[in-house]
Amino acid sequence: MRDILILCALTATVVLIAIWSLSAGAVPIPWHIIGNTLFDLEGPKQEFIVFQSRLPRTLLALLTGGALALSGVTVQALLRNPLASPKIIGINSGAALAVCLLVLVLPGAGLKWLPVAALGGGLLAAAIVTGSADFGRFSSGRLALIGIAVGFLCDAGVDFILATSADAQFSAPLIWLTGSLWARGWTHVQLVWPWLVILASLILVLSFRVDLIQLGDSTATSLGVAVRPLRLILMGLAAALAAISVSVVGVLGFVGLMAPHMARSIIGGAHSRIMPCAVLIGMGLVTLADATGRAIAPPIEVSAGIVTALFGAPFFVFIMIQSGKRSRV
Amino acid sequence: MNARHRLPLQAGAIAVLAFGVLILSVYGSLMTGGRSDIRLSDLFTASTNGAVILDIRLPRTLVAACLGVNLGLSGLILQALTRNPLSSPSILGINQGAALGLTIGVIFPSVGALVGLMPLAAIGALAAGFITFSIAGVFAGRIVSLRLILGGVAVGAFASAMVRFSFTLEDDLARQVLRWTLGNISDVRWHHVQSLFVWSIGGTVATLAMAHRLNLMALGEAQASGLGADPRLTLMIGALMSACLTGTAVFVAGPIAFAGLVVPHMCRFCLGPDHRILVPATALGGACLLMAADAASKWLTSPVELPVGVVVAMIGAPYFLYQTLFSKGAI
Amino acid sequence: MLFRQTTYSLAVGFMALLPFSVGAAEITHELGVTDVPDAPQRVIALEFSFVDALAALGVSPVGIADDKKRQRIVAEYTAVIGDDWQSVGTRKTPSLEVIASLQPDLIIADKTRHSGVYDTLSQIAPTIVLDSLGGTYPEAIEQTLVIGDALGMKGKAAERVAEHEAVMAELIAQIGNESHGVNAQFGVTNATGLWLHSPLSYNGSLLEKFGFSSSMTPQEGEVYETNYVPTTLEQLSVVDPDLLILGKYADPAFTDEWAGEALYDSLKAVEASNVYTVNAHKWSRMRGLLAAEMTANDVLEILTEFSAKQ
């Protein structure tokens, strides 16, 4: 009962944030005009701003926020550690490296191919990390370490490419890669929403098994779970969710780290409860970050990735205090 | 037991090897650069070429050496304090914290002028270390290895994100800050050497004095207190030292990742766990690594110079990956 | 009757020819071809060099991406275009909302910065994309012509360019033989470094037009991929120009630290006191027709001093 109340409250919050997001921005638009445009009523409208810019951005923020949060919950469960995040399996760095390589090797390719490169790079990095960790004795700690190492390696590659090539070539791709919803529109939404919804549903269906995996490999096996294939599937789903997000909005750090954590403290318990909660929190975080970034210093837009990182500051204090309490117990 | 008998011969061989590597690194670092017509003999003439070596290359080589000493020792201390061979200033987010402190000083010049940029870097390093240690439970007495590393990565990522935020500011400020995200020592002069040198020498001496305590840390909390070295005191002093060493290094050159990982790790592999030997060895090894990296940075993609941080990362990142794949014992 | 019919059809026939010089145009630009309406009234410029072109043609834009710093649009421009334009944000990420709210009928965007949002911009208004960031001086002149074409001012643009070339030719004539055989180099410096502008950059190609030579020409086996090359003192001593022109973004600038060092003092330009400071913003950021004229005047002043010392 309490859970349902919490989920309802969260849903209401997300809806409110989304509505605010439609009115936040460099150009102040009164509510009745927004209403007119959305519902095609009589009166003055602002077609482009509301319909082509803010609405798709809000939707994309909701989609990617939920995807990243869900990916974060899954990775944290697989690594059995609340400090893990999709970044740990090398997705962000792999995507960045792939984007830089694309610009380097095919400079005329045009920015349309960036999402494809980012997706490929992210998935490849995650595959390498999971594959190497699986080779030999698997331990979640080892997976985390390998993921971090691969991430650092890709970052070193990116730094090398940036240091030895023309600045101008990379400025646009780099901006595109720092988590931001600037200039995202219906094409981006249409590109990702079916995939994200399908993948997210798959993970939600498997939420019970995620609980079992958290108990430990041997316990899970004795309870009848095929641990290794399940782990690979879950990792693949989580990686795909995160990689698809990165490919359209760039690296929105900390959502995959914070949302599961917050969900766990608000609702706790089995993953069938944590996951929907985390999805809602993730949606709210990213939409709030994007709207704030637009509203704060018009016409300059602060990218959503920066705002989510800023949210991270009090968050770190929070988990510091939490871990202090936990260790003392 | 065998080791003891072989010790003099092994020690001698290692000493000769170390000396050779040192000479090579110094030579490599001094003889590479923008001009290709400089010879060692020019040092003894009063020509412009001689001035190039004295005014430009020698300070740069010294800065590289001092950076290596600072970062290597910082990594050594962190590895001892956390009893984790994979700790290093960059993995625990301390490097990035120092960079953030520096960035704040640049973006808010009033703060920078009030506190001073180098202290700001040290403060940033200390703050980041504090947060990472808290997350890992260091202050509560039990260090959880995975939490340490993951917490460090998260703190480092956060600090980097904040530093990168300044890229979105105006171009000039952005270019200035960019220099502080990749370790870069092009165009350093003697005044950069001064403060760094003091910290390197002082740091080596201080760490050597702490070597016994660091040895005891490796035994574990209980044993350490039992043997009379309060682990909390060691922790505080060690963390402070590490933060200052890292802060000064980042202030001069920006964050150079992996130097604090590779050098102590390799030294421990070759020379064993006794910190009384490890401290000077790490200092020497760090100096050699950075000077060699400096030489490579000038020579690899000539005439364009690579930032030295990129070269060290190109060595350190594969090393780190190799360690995580094939060695046991970190987690 | 017949006379009226003939006159009428002659007039219609004549008017049928007019669209080719005054009506809607198909403009070819870096990302394809765009249909631009005749004589657009509300223009938005997303880079400074486009503002330069608009000022040269006497057209006032309704919006400029000025990094939210109005002072970056210098007096020479505002004298022509006035001060009524609205800021649309940074050049890197201009606010699409503000652009849309201005209801433009032409948007001029930069290839390097804005290719990714070309489709979105096209939804708001016809958009043309030109290479401002990476372009050389001759390309900047070309772009002025393209912009003139898009504005429905093809003839006027051609005239203005011809005027500009005449002015430049005169300035170059005044420069005369003074610049021949002189190695000149332009660079920008802020608090932490020096970047030399290679011969492939706007300023490099402009200096070449003035008759200067450059020792930065790629040597065998070396390639200057980037227009702006970070340079240490040692590398500068290899380039060793006769004339060093610096744009300083900070005070004190990085190069000021070098004063007094043996290697710096041994540079040809330093020994002969031929290091000149110019306005970095005007030389480096603006990149256009009017900017070239301002640069040329600076060069003339510099050369007068330079020759006096010979």
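Reply: Chain C contributes 18 residues and chain B 17 residues to their contact, where two residues are in contact if their C-beta atoms, placed from the backbone, lie within 7 Å. On the side of chain C that touches chain B, α11 (233-239) and α12 (262-265) of chain C each supply at least two residues, and α11(C) gives the most, with five residues. Helices (H or I, at least four residues) and strands (E, at least two) are DSSP runs, numbered from the N terminus. This is a predicted model: local features need pLDDT of at least 70, side-chain atom pairs count only at pLDDT 80 or more, and totals for chains, interfaces and linings use all residues. Residues are numbered from 1 along each chain as its sequence is written, while chains are lettered from A and ligands numbered from 1 in the order in which they are written.

Me: How many residues of chain B are in contact with chain A?

Reply: Between these chains, 37 residues of chain B meet 36 residues of chain A. α6(B) gives the most to the side of chain B that touches chain A, with 14 residues.

Me: How should I read a sheet, and which strands of the chain C sheet are at the edge?

Reply: Strands of a sheet pair through backbone hydrogen bonds, either parallel or antiparallel. Here, two strands pair if DSSP finds at least two bridges between them. Chain C has an open sheet of five strands with mixed pairing, in the order β10-β9-β8-β11-β12. Its edge strands are β10 (228-230) and β12 (275-278) of chain C.

Me: How many bridges join β8 to β11 in chain C?

Reply: Six bridges join these parallel strands of chain C, β8 (residues 184-189) and β11 (residues 243-248). Ala184(C) has Leu243(C) as its bridge partner in β11(C).
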